Amino acid sequence: MNSNFLNGKTAFVTGGSRGIGASIVKRLVKNGAAVAFTYANSAEKANELVKSIEAEGGRAMAIRANSENADSVKSAVTQAIKTFGHLNILVNNAGILDVKPYDQFTMEEFDRTVAVNVRAVFAAIQAAGPQMQSGDRIITIGSVNADVTGFPGMSLYSMSKAAVAAMTRGLARDLAPQGVTVNNIQPGPVDTDMNPAEGSMASILKNMIALGRYGTANDIASLVIFLSSPEASYITGASLDINGGFMI
Ligand SMILES: NC(=O)c1ccc[n+]([C@@H]2O[C@H](COP(=O)([O-])OP(=O)(O)OC[C@H]3O[C@@H](n4cnc5c(N)ncnc54)[C@H](OP(=O)(O)O)[C@@H]3O)[C@@H](O)[C@H]2O)c1
């Protein structure tokens with residue numbers, strides 16, 4: 001793969017201020033894309049990321065858009081399309097993990113998980129999909145928890161990640177006539193604020209991973225880059241595990 005194979009391409013990443021999303025933004029820029037990304041609260045981190053990219057000659061734009069609100073997500077996509085002229089790659093990365101015994105969740109918390117992890121994904125795809133062209137890509141960051149759940153308290157999160165896996169299959173059919181592929185990446189434990197490798201769950205989780213270590217945000221970004229490349233043109237509707245051999 002040519003290191004600047006994304007020259008002239010544009011991308012939109014939800015939740016790009018920290019963690020896996022920030023790595024995805026950096027890697028897309030490194031390979032030549034201009035990237036717009038959203039954040040909810042971390043304005044400082046988002047602006048720092050834009051500055052560091054611009055200092056190295058790249059192009060990035062941060063947009064505040066809370067994924068709890070589908071209209072905000074759609075507006076952010078529209079803003080990016082207006083600025084860049086078109087969008088070639090959409091990465092739905094923003095997500096929340098709410099862990100709690102099932103009988104303690106409020107219905108508001110149920111709705112929030114669905115809004116951020118599922119509804120916003122659909123909203124972004126509705127906004128970006130129609131202007132996409134042959135070779136363009138839609139990639140969602142799901143989770144290994146779509147298929148396996150090693151702990152109690154994960155009911156809503158697991159549900160939301162199974163929903164995006166199924167949505168990916170449906171949308172892959174919908175967008176195939178346009179030549180656009182739609183895929184879902186399912187990471188295992190990845191060292192971020194959401195799931196620190198030194199956190200309370202880490203010692204238990206590490207024992208469940210064949211390779212014996214957490215993934216890095218960059219590991220996940222590598223798969224996004226592969227799926228964005230022409231090498232991945234025959235992959236669509238897939239949920240791809242990237243988990244170091246988690247619970248196998
Ligand atoms: N870490 C793991 O072990 C793991 C494993 C499997 C899947 N995943 C998935 O990978 C994705 C990224 O996770 P991460 O570990 O990088 O999480 P993280 O460290 O908590 O970062 C989350 C990112 O999403 C943004 N975000 C959160 N809520 C948002 C909202 N309502 N609206 C807009 N942006 C929002 C955050 O923005 P602010 O900075 O503004 O808050 C931040 O940029 C998620 O979909 C997660 O479910 C993570």
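Is threonine 113 buried or exposed? At 1% relative accessibility threonine 113 counts as buried, where buried means under 20% relative accessible area, exposed over 50% and partly exposed in between (1.4 Å probe, protein chains only). This is a predicted model, in which local features need pLDDT of at least 70 and side-chain atom pairs count only at pLDDT 80 or more, while totals for chains, interfaces and linings use all residues. Residues are numbered from 1 along each chain as its sequence is written, and side-chain values use heavy atoms, with hydrogens and water left out.

Stay with threonine 113, which lies in helix H4; helices (H or I, at least four residues) and strands (E, at least two) are DSSP runs numbered from the N terminus. Leaving out residues up to four places away in sequence, threonine 113 touches Ile96, Asp98, Val118, Leu156, Tyr157 and Ser160, contact being heavy atoms within 4.5 Å.

Next, select valine 99, in the loop between strand S4 (89-92) and helix H4 (107-128). Valine 99 counts as partly exposed because its relative accessibility is 42%.

Then move to threonine 181, which is placed in strand S6 (residues 181-187) and, at 7% relative accessibility, counts as buried. Apart from neighbours within four places in sequence, threonine 181 is in contact with Asp136, Arg137, Ile138, Ser233, Ile235 and Thr236.

Finally, select residues 9-188, a range over which the chain is 46% helix and 17% strand, with the end C-alpha atoms 29 Å apart.
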